[in-house]
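Biologist: Could you put the model up, so that we can go through a few spots together?
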Amino acid sequence: MAELRSIFPEKNIIQTAIGKIDYDYLVLATSTTSNFFGNKHIEEEAILMKSLSEAMGLRNALLSNLERSITCATEQERRDLLNIVIVGSGATEVEIVGAISEMSIMTCDANYPDGHPQLAQVAIQQGKLLAQNLIRLAHGNPMRPFRYKNLGTMATIGRNRAVAEIGRIKTQGIVAWFLWLTVHLRPILGVRNKINILLNWVWNYFSYDQSLRIILYAKKAKEVIEREKRESMTHWGDDLKKELDIRQGDTPEAKEKTKE
């Protein structure tokens, strides 16, 4: 909860924002920075997600842009808000694409006229159909529309407590909790990743160690800052904007009056 200012190794003391602290052993655990590979434009404009605060800023920027696109003033502004460019093609970028695709409000499925549920299975099935349709397109065959197959719904509501609905089977309690764990562990890629996640779950279960105590301050993305600044000047009513221009001396009448 303090900022490191100076280190005095000869006295085993560090100077922090809240005072001096003595130590027996000092371990400096530093983080990494984003690599833009020399691209200054991306460095200036991109929304980063190295830290938790940056990831929260990215999430807030995406959600606020989607919400704002519903009530924006012009069609051009709506397109700007809904235009998302993801730089990179690594695992993290693919996960972001998947997360964004799950948020996309599709109404072409007759069984789901109000859109599909925001579940991972929707994105997985869409990805498989997309691959199949690209193959059909390459061979000159007609593409098939997406039809979501509901494999069930699960939710955990605490330790040993969950609810599950798979077809006509409905269960709850510890049975549904184990089903939830199994379903979420199965799609993890790699045996090593599965084992690591399972061991973390077991450790957290017996140690009651949770990350809820972490204090996070979301970093507001540059795109959101600029949009809020732009909206503060462009979404005035005509009468209010004219009054503001007069106060600031931006109208011909105000300028002429200033000369007088």
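Modeller: Leaving aside its neighbours within four places in sequence, L62 is in contact (heavy atoms within 4.5 Å) with I84 and I100. Do keep in mind that this is a predicted model, in which local features need pLDDT of at least 70 and side-chain atom pairs count only at pLDDT 80 or more, while totals for chains, interfaces and linings use all residues. Residues are numbered from 1 along each chain as its sequence is written, and side-chain values use heavy atoms, with hydrogens and water left out.

Biologist: Where does L62 lie, then, and is L62 buried or exposed?
Modeller: L62 lies in helix α2, where helices (H or I, at least four residues) and strands (E, at least two) are DSSP runs numbered from the N terminus. L62 has 18% relative accessibility and therefore counts as buried, given that buried means under 20% relative accessible area, exposed over 50% and partly exposed in between, with a 1.4 Å probe and protein chains only. From C-alpha to C-alpha, L62 is 8.8 Å from L82 in space, although the two are 20 residues apart in sequence.

Biologist: And N65, what does that one touch?
Modeller: N65, also placed in helix α2, is in contact with L81, E223 and R227 once its neighbours within four places in sequence are left aside. At 10% relative accessibility, N65 counts as buried.

Biologist: How do the axes of α2 and α3 cross?
Modeller: The axes of α2 (residues 52–71) and α3 (residues 75–82) come within 9 Å and cross at roughly 165°, where axes are lines fitted to C-alpha atoms, for helices over the stretch in contact, and angles run from 0 to 180 degrees between N-to-C directions. The two helices are therefore roughly antiparallel to each other, a label used for angles over 145 degrees.

Biologist: Which residues make that contact?
Modeller: On α2 they are N65, L66, R68, S69 and I70, and on α3 they are E77, R78, L81 and L82. These residues divide into 4 nonpolar, 2 polar and 3 charged, with Ala, Val, Leu, Ile, Met, Phe, Trp, Tyr, Cys and Pro counted as nonpolar, Asp, Glu, Lys and Arg as charged, and the others, Gly among them, as polar.

Biologist: Changing topic, what is the strand order in the sheet?
Modeller: The open sheet of 3 strands has the order β1-β2-β3 with antiparallel pairing, and two strands pair if DSSP finds at least two bridges between them. β1 (4–8) and β3 (19–22) stand at the edges with a single partner strand each, so one side of each is left without a neighbour in the sheet.

Key: Parallel < 35°, antiparallel > 145°, perpendicular 65-115°, else oblique.
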